[in-house]
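The following exercises are to be worked with the sequence and the coordinates at hand. Each task is followed by a solution in steps.

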Amino acid sequence: MKKNHSTILLILTLTCAILFSNTHTAEAVTTSRWYTKAVSFKKIEKAAKEKEQPYILFFYTNWCGYCKRMKRKYLSNTEVKKILSKYYRIKINPDTGRAEQTLAREKGAQGYPDFRIIYPNGKSIRIHPFQRNGSVKVAEFIKELKAMLTLKGQTQ
């Protein structure tokens with residue numbers, strides 16, 4: 001009887017440890033990766049506000065040629081990656097689900113790509129490297145990105 005009691009206690013202890021460790025890690029937010037689901041948005045927003053720093057919100061689609069160029073030319077650049085690695089970031093494809101569509105609509109994404117810096121005060125600025133006469137150079141994009149990340153929404 002004593003052996004059964006010990007086994008049950010051990011199973012309960014392990015179950016609780018697993019449940020609590022999963023809950024903790026599920027809520028932790030990191031700057032080491034892009035989040036891709038709308039359910040992560042509130043966590044990203046909250047974590048950025050707590051740190052009093054801006055975060056990156058990027059809407060794209062798989063069929064959009066400019067989105068593909070944005071990823072290939074700008075977001076895959078080593079220096080851009082290094083800059084963005086210090087911030088929370090979320091990239092959302094509205095074609096992947098209803099929650100993602102709703103988030104894009106709520107945040108005012110009207111065309112793709114829609115790359116924004118959201119400040120702790122809730123204000124945002126869109127950085128769009130594609131112009132009617134072509135696209136800006138990566139160095140110009142980096143310069144604008146750095147400038148906008150240091151503003152913290154003060155002049156918005």
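Two residues are in contact when heavy atoms of theirs lie within 4.5 Å. In this predicted model, residues 24 or more positions apart account for 72% of the contacts in the chain with a separation of 6 or more.

**Exercise 1. The overall plan**

Task: State how many helices and strands the chain has, and in what order the strands form the open sheet.

Solution. 
Step 1. Counting the elements gives six helices and seven strands. Along the sequence they follow the pattern α-β-α-β-α-α-β-α-β-β-β-β-α.
Step 2. Five strands make up an open sheet of mixed pairing, ordered E1-E3-E2-E4-E5. Its edges are E1 (34–35) and E5 (124–126), each of which pairs on one side only.
Step 3. Within the sheet, E2 and E4 run antiparallel and are joined by five bridges. Ile56 stands opposite Ile117 of E4.
Step 4. Two helices are then placed against the strands. H2 lies across E1, E2 and E3, at about 155 degrees to E2. H6 lies across E2, E4 and E5, at about 30 degrees to E4.

**Exercise 2. The nonpolar cores**

Task: Identify the residues with the most contacts inside the largest nonpolar core, and name the element that gives the most to this core.

Solution. 
Step 1. The largest nonpolar core has 25 residues, and those with the most contacts inside it are Met70, Phe115, Ile117, Phe141 and Leu145.
Step 2. Two or more residues each come from E2, H3 (65–75), H4 (78–84), E4 (114–118) and H6 (138–151). H6 gives the most, with six residues.
Step 3. Take Leu145 as a case. Apart from neighbours within four places in sequence, Leu145 is in contact with Val80, Ile83, Leu84, Phe115, Ile117 and Ile127.
Step 4. A second, separate core has 16 residues, among them Tyr35, Ile44, Ala47 and Ile90.
Step 5. For the chain as a whole, buried residues make up 37% of the 156 residues.

**Exercise 3. Backbone details**

Task: Find which residues a cis peptide bond joins, and which residue has a positive phi although it is not a glycine.

Solution. 
Step 1. The cis peptide bond joins Tyr112 and Pro113, with omega about -5 degrees. Pro113 belongs to the loop between H5 and E4.
Step 2. Glu52 has a positive phi of about 55 degrees although it is not a glycine. Glu52 is located in the loop between H2 and E2, and is exposed, with a relative accessible area of 60%.

Note on methods
Residues are numbered from 1 along each chain as its sequence is written. This is a predicted model: local features need pLDDT of at least 70, side-chain atom pairs count only at pLDDT 80 or more; totals for chains, interfaces and linings use all residues. Side-chain values use heavy atoms; hydrogens and water are left out. A nonpolar core is a set of buried Ala, Val, Leu, Ile, Met, Phe, Trp, Tyr and Cys residues joined through side-chain atoms within 4.5 Å. Buried means under 20% relative accessible area, exposed over 50%, partly exposed in between (1.4 Å probe, protein chains only). Helices (H or I, at least four residues) and strands (E, at least two) are DSSP runs, numbered from the N terminus. Two strands pair if DSSP finds at least two bridges between them. Axes are lines fitted to C-alpha atoms, for helices over the stretch in contact, and angles run from 0 to 180 degrees between N-to-C directions.
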